[in-house]
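Biologist: I have not seen this structure before. Could you take me through it, one question at a time?

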Amino acid sequence: MAMARAISGLSYPDRFYAAASYAGLGGSPISASAASDGAISRFPNDVALLLYALHQQATVGPCNVPKPRAWNPVEHSKWSSWNGLGNMASTEAMRLFVKILEEEDPAWYSRVADTEIEPVNDVEMNNPIVESISPPEDVYPESKTVATENGGLLETQDKDVILEGLGSVGVYDQWIAPSVSGQRPRPRYEHGAAVVQEKMYIFGGNHNGRYLSDLQVLDLKNLTWSKVETKASTETSDLSEALSLAPCAGHSLISWEDKLILIGGHTKDPSETVTVKEFDPYKCIWSSLKTYGKAPVSRGGQSVTLVGTSLVMFGGEDAKRSLLNDLHILDLETMTWDEIDAVGVPPSPRSAHAAAVHAERYLLIFGGGSHATCFNDLHVLDLQSMEWSRPTQQGEIPSPRAGHAGVIIGENWFIAGGGNNKSGVSETVVLNVSTLVWSVVTSVQGRVPLASEGLSLVVSSFGGEDILISFGGYNGRYSNEVHVIKPSHKSTLQPKTMESPVPDSVSVLRPMTNVTRDMETELETIQDGKIREITIDNVDLDPLKMSKESTERLMLALKGEKEELGATLAKEQMHTLQLKQELDDAETRNTDITKELQSVRSHLAAEQSRCFKLEVDVAELRQKLQTMEALEKELELLQRQKAASEQVAQNLKQRESSGGVWGWLAGSPQELKP
C-alpha cells in the first residue's frame, strides 16, 4: 500500500515513466520488437497500438518516419497509430497514456513490484537561503532518438544542455524555489507585479505596516534581481507629467503595450479619486496620465482586469475602510472613465478578491473578504449585456479566501495563496472556465509564502510551456522569495465527469478535434465537456481492415454529430425566425405608438394654447373684478354722502317751519294759528 501511494502521488513526467515501465514500454523509446513483446502481449491490440503511439509521441515527438515500405501489418499499424497523433504535445501524450492505462488496469500501480519510485515531496520553502531543485535524472539531459527509414530506432544521444533560469523547472504541478541572484527586494505583500519583455516588475507593497515605493525587476532569462532607478522627465505634455510616486499598497499593476500602468492603492495621503500612472521601462520614467469622465473614488484592494483596450475595475476598499462593489471601465485609447450600472445581482462589497476575463467577454470574480468574513463565491459579468450572474461551481470547490492571486491561461484560471482569517490556504487550484469545474493542482506544507496573503502571481513561458511565478506574501512573516510551477493544464485538469450543462453566462464554443490518418482511437471534444473515445474491437493486425473499420466508426460518429448539429441548427433557425417575427411586431407596435404619441403631442399643444388663452381671460376678468369692487366702494361712499345731505336738508326744512332760527334761539316759538 505504501508503494501504491508513492506511485499514485507521483507528478509528471515520473508518473508517465512508471506507467510506461509497467506497460512493458520502459522509460525511454523502445524498438518495435520490444513494443510487440511488451504492451501488445499485455493489452488488447487496439489499446496496445494506442499506448505505443502515445509513448512514441511523448518520448520521441511527432512521427517524422516514412511509411514502411515492406508489407508488415504490425509495422504499418504502429506507424498509422503514431502518425495519426499529428503534432500532439509531449505532455498531452503522457497524460493520455496514463489515463488509458488506468482505464484498462485501474490498480496498475499496486502491481509494480520491481520498480522503486520515490514520491515527489513538496519543496521546503521556509529556509531563508533557497536552493535550486535539480530536475530528475530521467528528464534532463534529454535524449534525442533518431529514426531509421524502415521505422526502427537507433541508439539515443544525450544532449548536454546547461539549464538556467526557468529552464530549471523539470517537474509539473509542483512549486519549486529556483536559485536567484542579485540583491533581493525587501520582503512585502499587497504589492503589484506584471511582466514586460520577459522581465517581472515589482512595485510598492506593505512591509511592517509601512508602504513601499521601490520598483524592482527580475530578469526571467537568468533569474537576476535588480532595482530600477527612475528618472525625472525633461518633457511634459497635457496628457502626462513626470513624477515620483508616493509609497502605496493594494494597487494594481497592468502590462499594456510594453509599459506598466499603475491604478489605485492605499497611500498615506489618499486623493479623492483613483489616479492612473504609467511607467516606461525603456526611459525609466513614471508619468501621471490625465483621465476624463467621472473617476472612481480612491481605493485599494480592488481588481483591475485588462479586456481588449479597456481596464475593468471592481470593488475594493476606500480610504474610510468602506467596502465597495461598484464597477468602472477605463478606455485606454481615450483615457475616459465610465461607471457601469450592470443588471442582475452583483457580488457583495469586498476587497482582496481575484478577477479574470474569458473570451474577451466574461469577467469572473472569485473570493475576497469583508471586515468579518471571507468568500468563495464565483460571479460572472457578461461584458456585452452587462448582466451579473452567479453560476454553479463544480468539482473541488475551494475554501473561502482573500488576498489570493490568479492568472488565466487559455481556459484554465490558476489561483494560489490567500487566507481565511485563521491560516493561509495551502492549495493551488484551477478553474476550467468553460466547464466551471475546480481542480486542485498541488498543495504545500507548513508556513510557506505560497500559503499566505497578498502574494503576486504572473505567467511567463520557457521552451513553449507556460510557467507561473509567485513572489512575496505574508503569513506571519513577510516574504521576498520567488517560486515557480509548470502546470500540466492541457489534460490533467480536464474534468473527469461533467453531468450538468455549462451555464449560458459562461458557455463558449469548444473546438472539436478529430484525429484522422487511419488512427485506431479517435479523441474528440464535444460540447458537453466530456472526452469521448471511439475505440475498435480486438481484431487482427490487418491495417486495411483496421483502417476501414476505424473510418466507418469515425464516419458514423461524424454523421451522428452532423445530424445533431443539423437539428440544433434547425432549432436555432426556427428560434431566429420567431425572434425576427417578434422584432417585426415590435417595430410595428413602435410605429403605431410613435404615431399616437405625435397625435397626443399635437392635441397637447392645442390644449396648451387654449389653456394659455383661458389664463389671459381669467387675468382680464380678475382685473375687471378688482375695478368693480373699487366702483362699488365709491358708489357706497356717494350713497352715504347723499343720505347725509338729504338728512341735513330735512333738518333745515324743519327749522324754517318752526319760526326760524332766531325765534328758536329766543325761546319764544311762534304760536300756530288756528
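This is a predicted model: local features need pLDDT of at least 70, side-chain atom pairs count only at pLDDT 80 or more; totals for chains, interfaces and linings use all residues.

Biologist: How far apart are the C-alpha atoms of Lys259 and Pro281?

Modeller: Lys259 belongs to strand β9 (residues 259–263); helices (H or I, at least four residues) and strands (E, at least two) are DSSP runs, numbered from the N terminus. Not counting residues up to four places away in sequence, Lys259 touches Val196, Ile254, Glu278, Phe279, Asp280 and Pro281, where contact means heavy atoms within 4.5 Å. Along the chain Pro281 is 22 residues from Lys259, and the separation of their C-alpha atoms is 6.4 Å.

Biologist: What percentage of the residues in the chain are buried?

Modeller: The chain has nine helices and 30 strands. Among its contacts between residues at least 6 apart in sequence, 60% join residues at least 24 apart. Of its 674 residues, the buried share is 45%.

Biologist: How many of the 10 residues of α2 are buried?

Modeller: Those buried in α2 are Asp14, Arg15, Phe16, Tyr17, Ala18, Ala19, Ala20, Tyr22 and Ala23. Helix α2 is therefore largely enclosed by the rest of the structure. The count of buried residues in α2 is nine.

Biologist: Which residue just after α2 takes a positive phi?

Modeller: The phi in question is about 95°. The residue just after α2 that takes this value is Gly24.

Biologist: At roughly what angle do the axes of α2 and α7 cross?

Modeller: Axes are lines fitted to C-alpha atoms, for helices over the stretch in contact, and angles run from 0 to 180 degrees between N-to-C directions. Under 35 degrees counts as roughly parallel, over 145 as roughly antiparallel, 65 to 115 as roughly perpendicular, and the rest as oblique. The helices α2 and α7 are therefore oblique to each other. Their axes come within 9 Å, and the crossing angle is roughly 50°.

Biologist: How many nonpolar residues are in the contact of α2 with α7?

Modeller: From α2, Arg15, Phe16, Tyr17, Ala19, Ala20, Tyr22 and Ala23 meet Met94, Phe97, Val98, Leu101 and Glu102 of α7. Ala, Val, Leu, Ile, Met, Phe, Trp, Tyr, Cys and Pro count as nonpolar, Asp, Glu, Lys and Arg as charged, and the others, Gly among them, as polar. The contact has two charged residues and no polar ones, and its nonpolar residues number 10.

**Aromatic pairs**

Biologist: What is the centre to centre distance in the pair of Phe16 and Phe97?

Modeller: Rings of Phe, Tyr and Trp (its six-membered ring) pair if their centres lie within 6.5 Å; planes under 30 degrees apart count as stacked, over 60 as edge-to-face and the rest as tilted. By this rule there are 11 aromatic pairs. Phe16 and Phe97 make an edge-to-face pair, with 80° between the planes and a centre to centre distance of 5.3 Å.

Biologist: How many residues apart are Phe16 and Phe97?

Modeller: Phe16 is in helix α2 (residues 14–23) and Phe97 in helix α7 (residues 90–104). Phe16 is buried at 0% relative accessible area, and Phe97 is buried at 0%. The pair links distant parts of the chain, and the separation in residues is 81.

Biologist: How far apart in space are Leu363 and Val380, C-alpha to C-alpha?

Modeller: Leu363 lies in strand β18 (residues 362–369) and is buried at 1% relative accessibility. Val380 is 17 residues away in sequence, and the C-alpha to C-alpha distance is 5.5 Å.

Methods
Residues are numbered from 1 along each chain as its sequence is written. Side-chain values use heavy atoms; hydrogens and water are left out. Buried means under 20% relative accessible area, exposed over 50%, partly exposed in between (1.4 Å probe, protein chains only).
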